[in-house]
Amino acid sequence: LESPETGMVARAERAFQRRLGGDCSVPLAGYAEPTSEGGLHLRGLVSSLDGRRIAEAEGSGPGAAADSIGEAVAEAVLAKGGDEILRELAHPDEKLDG
């Protein structure tokens, strides 16, 4: 059993995590919350292991678009440097050129 609000929050956060390929070894965070208008607001980020570099973004929209909001915020995180952070996490022994 879940309330409609809980379902939309979970869908947005899971879509964000899925798009970034997140698992227990990837330092990422996604936090969604319902808005007073029945919509949804999501904040997300990915971080380097040492926490010195963080790529973050946020987005809002109607609750029915929870999956799309999660994917859009993930895309924005990638565009703000998250793609480079994730490549470095996947290949820690390689020096990647920016």
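Student: Which strands does α2 lie across, and at what angle does α2 run to β3?

Tutor: In this predicted model, helix α2 lies across β2 and β3, and the direction of α2 makes about 170° with that of β3.

Student: What makes β1 and β2 a pair, and in which sense do they run?

Tutor: Two strands pair if at least two bridges are found between them, and β1 and β2 have seven bridges, in the antiparallel sense, so they count as a pair. Within this pairing, Tyr31 stands opposite Arg43 of β2. The two strands form a hairpin with four residues between them, and in that turn Gly38 has a positive phi of about 85°.

Student: Which strands are called edge strands, and why?

Tutor: The open sheet consists of three strands in the order β1-β2-β3, with antiparallel pairing. The edge strands are β1 and β3, the latter covering residues 54–62, as each of them pairs on one side only. From one strand to the next, the twist averages 10°. Helix α1 packs on this sheet, where it touches β1 and β2, and its direction makes about 155° with that of β1.

Student: How do you know that the span of α1 is close to the expected one?

Tutor: Helix α1, residues 4–20, has 17 residues, and at 1.5 Å a residue the expected span is 24 Å, while the model gives 25 Å from the first C-alpha to the last, so the two values are close. After α1 comes Gly21, whose phi is positive, near 70°.

Student: Which residues of α1 are buried, and what covers them?

Tutor: The buried residues of α1 are Gly7, Met8, Val9, Ala10, Ala12, Ala15, Phe16 and Leu20. What covers the buried residues of this helix includes β1 (28–34), β2 (39–47) and α2 (66–90).

Student: Which residues have the most contacts inside the largest nonpolar core, and which element gives the largest share?

Tutor: That core has 20 residues, and those with the most contacts inside it are Phe16, Leu40, Leu42 and Val46. The elements that give two or more residues to the core are α1, β2, β3 and α2, and the largest share, eight residues, comes from α2. As for Leu42, leaving aside its neighbours within four places in sequence, its contacts include Ala12 and Phe16, Tyr31 and Ala32, Ala57, Ile69 and Val73.

Student: What makes the contact between Glu84 and Arg53 a salt bridge?

Tutor: A salt bridge needs a side-chain nitrogen of Lys or Arg within 4 Å of a carboxyl oxygen of Asp or Glu, and the closest N and O atoms of Glu84 and Arg53 are 3.5 Å apart, so the pair qualifies. Glu84 lies in helix α2 and Arg53 in the loop between β2 and β3, so this pair ties together parts that are 31 residues apart in sequence. Arg53 and Glu84 are also linked with Glu88 in a network of salt bridges.

Student: Why are Glu84 and Arg53 called partly exposed?

Tutor: Partly exposed is the range between buried, under 20%, and exposed, over 50%. Glu84 has a relative accessibility of 27%, so it falls in this range, and Arg53, with 32%, therefore counts as partly exposed too.

Student: How many salt bridges does the structure hold, and how do you know that Arg87 and Asp83 form one?

Tutor: The structure holds six. For Arg87 and Asp83 the distance from N to O is 3.9 Å, so it lies within the limit of 4 Å. Both residues lie in helix α2, four residues apart, which is about one turn of the helix. Arg87 is partly exposed, since its relative accessibility is 40%, and Asp83 is partly exposed at 35%. Another salt bridge joins Asp50 to Arg52, whose closest N and O atoms are 3.9 Å apart, and both Asp50 and Arg52 are exposed.

Terms used: Residues numbered from 1 in each chain as written. Predicted model: local features only at pLDDT ≥ 70, side-chain atom pairs only at ≥ 80, totals over all residues. Heavy atoms only, no water. Buried < 20%, exposed > 50% of the residue type's maximum accessible area, 1.4 Å probe, protein only. Contact = heavy atoms within 4.5 Å. Axes fitted to C-alpha atoms, helices over the stretch in contact; angles between N-to-C directions. Core = buried A, V, L, I, M, F, W, Y, C linked by side-chain atoms within 4.5 Å.
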